[in-house]
Structure formats: structure tokens, C-alpha cells
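Work through the exercises below with the sequence and the model at hand. Each task is followed by a solution in steps.

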Amino acid sequence: CATVWTPLIHHISMHFTLKRALKCEFISAFWKQVADEFFWKKPATGPMLQYNFDVTKGNIFVKCMEGAKTNMCYNVLDRHVREGNLGEKVAYYWEGNSPEHHTTITYGQMLSHVCRCANVLKRMGVRKGDRVSIYLPMIPELVYTMLACARIGAVHSVVFAGFSSDSLCERIMDAQSSVLVTADGVYRGDKLINLKQISDEALEKTTSRIYIKRIKASEPVYRPCLFTQTRNLALDWWDEAMSDSSEDCEPEWLDAEDPLFILYTSGSTGKPKGVVHTVAGYLLYTFLTFKCVFDYHHDDVYWCTADIGWITGHSYITYGPLANGATSVLFEGIPVHPHVGRFWEVIEKYKVTKFYTAPTAIRLLMKYGPEPLYDLSTLRILGTVGEPINPEAWQWYYETVGQRRCPVVDTFWQTETGGHVLTPLPAATPLKPGSATFPFFGVEPTILNEHGEEVEGEAEGYLVFRKPWPGIMRTVYENHERFENTYFKKFPGFYVTGDGARRDKDGYFWITGRIDDMLNVSGHLMSTAEVEAALTLHSAVSEAAVVSRPHQVKGECLYCFVTLKDSREFDKKMVAELKMLVREKIGPIATPDFIQNAPALPKTRSGKIMRRILRQIARNEKDLGDLSTLADPKVVEVLFSQRSEAA
Ligand code: WTA
């Protein structure tokens, strides 16, 4: 009982203290107190937060702790080793794709690896402000490289190692990276992903100056048993580069608002946006959200199953946990390899206390229920992120995995928000399955109607934020105009998330999903425009329109309508070619589930595709409502008659 009530009282009192503080505009004092946990080479001269959220009043900006100088890497490593005596504490239990491969890395070892890597990067000519692209699987070197960049003031741009060479190339070009750090390959389950080959292809197309750190180019292509060797080769090679590299590397003291990293996220125009996060604000925000939302204790073993290639991994595998001096599991594998109990096995093996995963993984594992046959009694808190969680999956997570003991924190946030913005506090917030509940400290959400008016009480509409918090993005890399247009133009004075939300009578927020042309497949956000652009690259395609369709495990999946050029035939071969094209252009995560022939698309008289109708056709919903704006209503009948049910 005490374990529930003590944090409850603590959090409630914090919440009320904060509400009062907000009213008195003491928010600055709140963040100042958080900042006091960290090392500042120079203190801030400006306020904790300065901002303009109103495009009609000038450029949009957010600044946190202007004038301060610090270093992220120093704060998440040196500070613990030197000041906190945590040199021997485990930072990561690394668990490979195969259960036989695992290692333990302490904070002291991390610091040494990171400094060596930082010196290697410096030797390669990387300087403060330069961009470094990282295309690595979930191996410790990924974290070392990120922190090495942070140490020398280079800006990392991690590209998820499941992206295609085209996607990698586009991201290297946009960031104008001077270095790419990659590995030769990785096994994901039984499947080998030849990262080096993909990188080589990407580099062929880029004009940037690139040094590829590769692992024995002449090595014969991987045999299945070569997994360990493949990794060892990476380490051999890594060791070679690191062997004569010093363990001493003075951190570069950066301005609070210097960029820390770029991370690309899908944009509704199709071209990915380079979301930029900066040093001080991101440090404060990931630190505090991790600490509160997972109720961090020093003896926790925390595991977030996301990939560091996404924001969840950046904030809640790398920076948030390390800023707290936490011990985490770093997992290279997938939930169902070599068997469907792998997640539970890992929880038992490392005695995981806090577990953070995505609804898509929960739904997948539910299918193999009813109960994991492993000891899950160490679990204290369960988290979910990435997409709305359906009540059935929530219940299973709560009852079967958490054995009704563990609060489920449904955390709503985005690449852009840097950290959790709507989330329960465990054991403090009464939960409602499927609701991300309330805002985190200092966050002020509201709901707007179509006219941009705030709607009070029970309401549904656009989810927006009135004010920034330290961890919000600062710009789109080299394109501030796109940043303002995407997030601030529609409703001046507010940050527009692109999600819809409902507020119930108790004030709880319920995310209703994207309200732009984005969709969420297995927790990965992608734009319909991006997939449409890939489909129309096929010489036979004259037009394509992509919509989402509900999917039992993935949440949503891609349903594509393609109009072929005259004389081209729509057959199985064509479908296979189109699927392959999307995989090649974007990556396997974007593979369409359905492709249907569309002799014509439903359009308005002004030529705009009516996606609402396409969505209904994809879902086989016959009641289409008002079709009066359609230029040619007959198109709809034809499309219904040619629906694709073959996945
Ligand atoms: C969706 C992932 C409902 C939402 C951290 C958002 C969610 C997009 C939740 C951001 C949640 C994320 N409930 N929907 N708990 N968490 N989303 O940038 O549509 O990859 O806008 O960041 O995921 O995806 P992103």
C-alpha cells in the first residue's frame, strides 16, 4: 500500500505545486530547479524559457537557458562517473538478436568508449556543428557514436537501419553529413540486412564528402552462421580505429541552444523533415519525463523495446535514462525470435522493473497468449507509446503482463515534442484504458475547432499546445519556413500536433489519430504522399492514392489505389512490382498491404482526390454519405467492384 500511496501523495502535491506555480508564472523556477541537477560550465543569463508561438507577431522561436554553456555527454556520463561514483554501475545490458549474445557495459566503460570514438571522429575532421549520419543496428556502438558526437559538438542524424538506400541517401544529403557510421550487416530474427551494401548504394548517389567506416569490404558475403563474426568484425574494425585513440577527450562546451541532433520524420508533402533538438532543453525534458513517468529508482532495470532509430529510442533509451544514471536493457532483436516468448524471457533474465513498448507489439504478442510462461514478478510499471492503444490490448497488458499490479502509462508524444507531453504519472493518475490522460508538468494542451476556436469541456477537435516546454523541437533543419508552415500557420498562437483529440467530462485526453495525410503503421508515422510518390515512379502508373485501413496487429496499414497508363495490365506481377518498388524506395516498413486497380479516382470538380471516399472503399463501408461534390459518381461503383481483399 505504501508503495502506491507515497508516490501518489508526492505526485499530487507536485502537481498542485506546479499548477500554482504556473499561475504565478513561476514555471521558470520549476525548470531552474531541474537544471540544478546538472553541470553548467557557464550559468544562463536569460530566462529558463523564451518563445514566440504566434506567426502574426514574428518568427517562431523557443529558447531555453540562453547564455548557459554545457555539454550533454558530460552530464550523462562524466557527471555520474566523477561526481556520482557510478563508474561501476551498469548502463546497459546489451542483449543480441540471438539470446547467446550479450554483454554488460558500465558507465565507466561507456565513458572510455565514447571518448575514444570522439577522438576518432575528430581525427576524421569532424568539428563542432558538423553533421554525422549514423546507420547502425541496436548495438552499443550506436550509443557510443551518438554520445561521441554530443561530446565534440557534432550533430548526429541517426537513420533507422531498416530504411532503404534511397531513404538513407536522402537523409545524408539533406543533413549534408560529412561522415556516415555504419556496420557491415545485422540479423533481425533470421533475416540478414546487408547494411554495408545499402550504405554503398546510398553513398553512390550522394555528393557529400563521406568516409564510410566499413568492415572489411573484401569479406565474402555473410554466411548465416557468421552473425557473431559479422559483429566481431565490426568490433575488430572498431577496435582498430579506436586502439590508438586516447581515452581523454575534453568536452566541447556548447551553448544551451546549440543543436544536439537531427532526426527525420515523415512530412505530409512526402519529403522527410529534419527535426532539430537542442542541448539544454532536451536534457532537462528527457531527464524529468523519464524520472517521473517511469518513477525512476536507482535500482531499476528499465527496458524500452523501441529502436534508437526513432525518437523513442533517442529520448528513452539513450538520453533520458543516461541523464538519470539508470540501468537499461539495449535489445537488438525482435519480439518473436527465436521464439514468441522472447520479450518475457528478457524481462525474466534481467529482472526488468519498468517496461516500455508499443501497442503493435502488445497486439502481436497477445495472439500468442494466454500467458507468458516466464517470471514477470519484477515488473512495476508498464508503458506504451506510438499509437492509440485499443482497450482490449490495454487490458491484456495490464492483466496478463502486469498481473494487475503495474500501472500502464500511455504516453502521447511526437518526434517534434522531444518527450512525453500527455501522460499519466504512475500510481498518481487514475487510469482510463486508451487515454493518455493529462499533460506533463508545464505542458498546456487545448482543443480547437475547425475555425481555430478553443472548445471547452467535453469536446473533440485539433490537439494543440499553447506554450512550449524545454524539449520541443526548435526548427526543421535548414528550413525554418517549413517549420513555421507545418506547425504554426494553421492556428496562430498554437503548436499544432496534427493529431485529433477528445476531452471527456473528467478532462482526460483521448487521441483520435492523425488528421492530416499521415498514417501510423506499427507505430511508425508515414505520409501517404511519400508512398504515392514511390508508386508513381513505376513506368506503368499514371496516378496513385494511398489511404489507411485498420489492421489487427499493425494498427493501420496501407491501402493503395493505382491508375495505370493505357494498355498496361493490372495483374499479380504488377502488384508484386509495385510492392517491391515501395520497399526499395522507402523501406520494408512501408510495404503496402493492399494494392487495387483504379481505372479512375474519385475527384471533386476542381480535381482534388476525395480521400474520405477512398478510405471508405478500403474499409468496405457502403454508406458513403454526400457524394454531390464528386465530378463523376460512377467512379465509386467501379472501385467497389474491384476492391482488393488479398493482403
Ligand atoms: C502517434 C513517437 C496515441 C500520434 C513518440 C503522434 C500516439 C505520432 C501515442 C508521433 C499515444 C504517439 N497515443 N497516439 N500514446 N504516441 N502517437 O513522431 O499520431 O514517431 O502524432 O513519435 O504517433 O509519432 P513519432
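**Exercise 1. Describe the packing of helix α9 against helix α10.**

Solution. Helix α9 covers residues 279–293 and helix α10 covers residues 311–324; they pack at an angle of about 85 degrees, with their axes 8 Å apart. Axes are lines fitted to C-alpha atoms, for helices over the stretch in contact, and angles run from 0 to 180 degrees between N-to-C directions. Helices (H or I, at least four residues) and strands (E, at least two) are DSSP runs, numbered from the N terminus. The angle therefore makes α9 roughly perpendicular to α10. The classes are roughly parallel under 35 degrees, roughly antiparallel over 145, roughly perpendicular from 65 to 115, and oblique for the rest. On the α9 side the contact includes Tyr282, Phe287 and Phe290, and on the α10 side it includes His314, Tyr316 and Tyr319. Contact means heavy atoms within 4.5 Å.

The model is predicted: local features need pLDDT of at least 70, side-chain atom pairs count only at pLDDT 80 or more, and totals for chains, interfaces and linings use all residues. Residues are numbered from 1 along each chain as its sequence is written, and side-chain values use heavy atoms, with hydrogens and water left out.

**Exercise 2. Classify the crossing of α6 and α7, and give its handedness.**

Solution. The axes of α6 (residues 165–175) and α7 (residues 195–205) come within 8 Å and cross at roughly 50 degrees. That angle makes α6 oblique to α7. The crossing is right-handed; this term applies if the near helix is turned clockwise from the far one by less than a right angle, and left-handed if anticlockwise. Among the contacting residues are Leu168 and Ile172 of α6, and Ile198 and Leu203 of α7.

**Exercise 3. Which kind of aromatic pair do Tyr462 and Phe491 form?**

Solution. The whole structure holds 48 aromatic pairs. Rings of Phe, Tyr and Trp (its six-membered ring) pair if their centres lie within 6.5 Å; planes under 30 degrees apart count as stacked, over 60 as edge-to-face and the rest as tilted. The ring centres of Tyr462 and Phe491 are 5.1 Å apart and the planes stand at 65 degrees, so this pair is edge-to-face. Tyr462 belongs to strand β21 (residues 459–465), while Phe491 sits in the loop between α14 (480–487) and β23 (495–503), 29 residues apart. Both Tyr462 and Phe491 are buried, where buried means under 20% relative accessible area, exposed over 50% and partly exposed in between (1.4 Å probe, protein chains only).

**Exercise 4. Which residues of α14 are buried, and what covers them?**

Solution. Arg482, Phe483, Glu484 and Tyr487 are the buried residues. Their cover includes β14 (273–278), β22 (475–476) and β23. Thr486 is also placed in α14, but at 33% relative accessibility Thr486 counts as partly exposed. Thr486 and Val496 lie 10 residues apart in sequence and 8.0 Å apart in space, C-alpha to C-alpha.

**Exercise 5. Examine the backbone at Met65, Lys351 and Pro338.**

Solution. Most residues other than glycine have a negative phi, and most peptide bonds are trans. Met65, in the loop between β2 (61–64) and β3 (69–70), has a positive phi near 60 degrees. Met65 is buried, with a relative accessible area of 4%. Lys351, in the loop between α11 and β17 (354–357), has a positive phi of about 55 degrees. At 53% relative accessibility, Lys351 is exposed. The peptide bond from His337 to Pro338 is cis, with omega near -5 degrees.
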